[in-house]
Amino acid sequence: MSKAVPQSLQRRTLLKGAATAGALAAVGAAFGAAARDPWARAQEIQRRFAAPLAFPQRDFPITAFGARPCELVKVLGYPTIRKKGELETQAAGAHDSHPALRAAIAAAHKAGGGRVLVPAGNWYLKGPITLLSNVHVHLQAGAQVLFSANPADYARDGDYDCGKNGKLVLTRWQGNDCLNFSPMVYACGQKNIAITGEDWTSILNGQAGVPFEDGSGNCWWGMNPKGALPGAVHQGVPNPANPDSLAQVAPQLDQQARDRIHGPGAAWRADANYLPVLSEAGVAPEKRVFGLGHTLRPSMIQFVDCTDVLMQGYLVVNTPMWIHHPLNSRNVHIKRVRMDSIGPNSDGIDPESCDTVLVEGCEFNTGDDCMAIKSGKNRDTQFGPTRNMLVQNCVMNSGHGGITLGSEMAGGIEHIYAQNIEFRNAHWATDPLWTAIRLKTNMNRGGYLRHLYVRDITLPNGVQTTPRPYKPLPGTRLGDKLPSTGGGAVLTIDCDYAPSDDIVRTRPPAVSDVHISRVRASNVNGADGAYSCHQIMVVLGPVAGSFNGPAGTPLLPLADISITDADFGTPRNAADPWFVYNVKRLKLVNVRIAGKIINTEINA
């Protein structure tokens, strides 16, 4: 495998170097004045984005480089992962405008920066939009970019030549570093970049439910078990392309260590399991090669190790996996973006190990978490925590969680603020939002969450009103009640999320200083009554039975959580409106549940 990436860029992206650590320290010092009032820090985050990014006043229309619009036809595919139906896609023989757009970006970059214009019309790209420093790609009103439904087009232009697996890019998949397909929009190690739209008629279309162009009948979503064709290899079944012994890639480990990492049987050879096994085994990221012959879907929009990033003003639909995934980046602004992708793992915005992030004015309709704040998994924690993030003035509809933290949070999460959020849950009758505020981690994903502040949130249609029960490891006992950690609560803190997914469970999480105020949840009328949720909160601290690390390792209870000035409407489970386990100093102050005011402190 040959690599064309300069050594300096490899150091920036594969290591948490001194420069990155210094930048984080400087940002931390700048926030020092906000220590007394936690919301003063949120104001400082917003202030950092007061001045817009500046680009030279030069335009580079893609039509000047040979781009031509395409016609659309209808094909049978998957508009959502749950429904087969017709989709619009490019007509056979459509002109490929990818070379033109790539040339326009290169010309703008060479000139010292500028704006690459995508005019109104439908534009077919057989490859990714790869941004370079000082370049702003702008979709005008009525412009739609259709990314090809062909994995080979995203394994053609990367910096790492991996032979039969393709030319791949450095990326991260569900918290683990690897070489894989390029995301549809990608940048690595760039500064001062933007992708924007005029309005929500400016569309980025990932075509994840459109059948692959190779005629196989599969699609991007078919790489996930939920959409897989019968008998097809997908991310959840052993892939013959992966070695049958971990000794082939981690010879430094003895057999006992290898067994401890991957467990019994061959399940570890499934791509979704093999990657975290490589992380636990200490295999270097540039040796974790996927791409062609594998089933790890790319994110839609991903910026790795970038500074000063803007994503604004467009609609993004039908994405292979996570929609927005900034990684190890700084000063990231996501504004007035609408997301509509009901596919597997279609999280809306997933900042991972990022510092100073502002998300505002966005609308979410997603097949997974609307937003999931992350910081790595297993041993991939070199980029540190996600910190200093403000989310405001957003609307969230379908999704597993509204504002979610985790589950891949091994590097930690701190100083997160959310305000003026409407968890609209518009599709409550058919596709409800599972929970509004959700933290999920376990004994493998570990990490810490501290200083989460949420205020002024409304739930006009509540959340899901039926339970999604916890699935503990065999033999784990929490008394006679099984908490509904998967959904049905307005607030869920789950420190034993999907414990059976991880073999190594040696990193207990630590959660403290979570403060939520001014919550208004309304009931919806169902066949058996009017309810706002199943329970108002499920707070599950670390579960000792899920830990398989060294004896004597502290398993800290959750601590210092408060809910103040809240009206939760009427929970369906009014007789038992919350579940709490392994927590200290959880305070409810002026909290109304089914019309009754509660003031109490819970230690459980």
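Predicted model: local features only at pLDDT ≥ 70, side-chain atom pairs only at ≥ 80, totals over all residues.
**Entry: Gln392**

I began with Gln392 and found that this residue lies in strand β25, which covers residues 386–396. I then looked up its accessibility, and because the relative value is 4%, Gln392 counts as buried. Setting aside neighbours within four places in sequence, I listed the contacts of Gln392, and among them are Gln46, Leu358, Glu360, Gln419 and Ile421.

**Entry: strand β30**

Next I asked myself how many residues of strand β30 (residues 489–494) are buried. I found that 6 of the 6 are buried, so the strand is largely enclosed by the rest of the structure. I followed its pairing to strand β28 (residues 435–440), which runs parallel to β30 and is joined to it by 4 bridges. I also followed its pairing to strand β34 (residues 535–540), which is parallel too and extends over 5 bridges.

**Entry: cysteines**

A disulfide is a covalent bond between the sulfur atoms of two cysteines. I searched the whole structure for disulfides and the count came to 0. For Cys188, the nearest cysteine sulfur belongs to Cys306 and is 6.6 Å away, so this residue is in no disulfide, given that the two sulfur atoms would have to be within 2.5 Å. Cys354 is likewise in no disulfide, and its nearest cysteine sulfur, that of Cys306, is 9.5 Å away. I noted lastly that Cys188 is buried at a relative accessible area of 13%, and that Cys354 is buried at 1%.

Methods:
Residues numbered from 1 in each chain as written. Heavy atoms only, no water. Helix = DSSP H or I, 4+ residues; strand = E, 2+ residues; numbered from the N terminus. Buried < 20%, exposed > 50% of the residue type's maximum accessible area, 1.4 Å probe, protein only. Contact = heavy atoms within 4.5 Å. Pairing = 2+ DSSP bridges.
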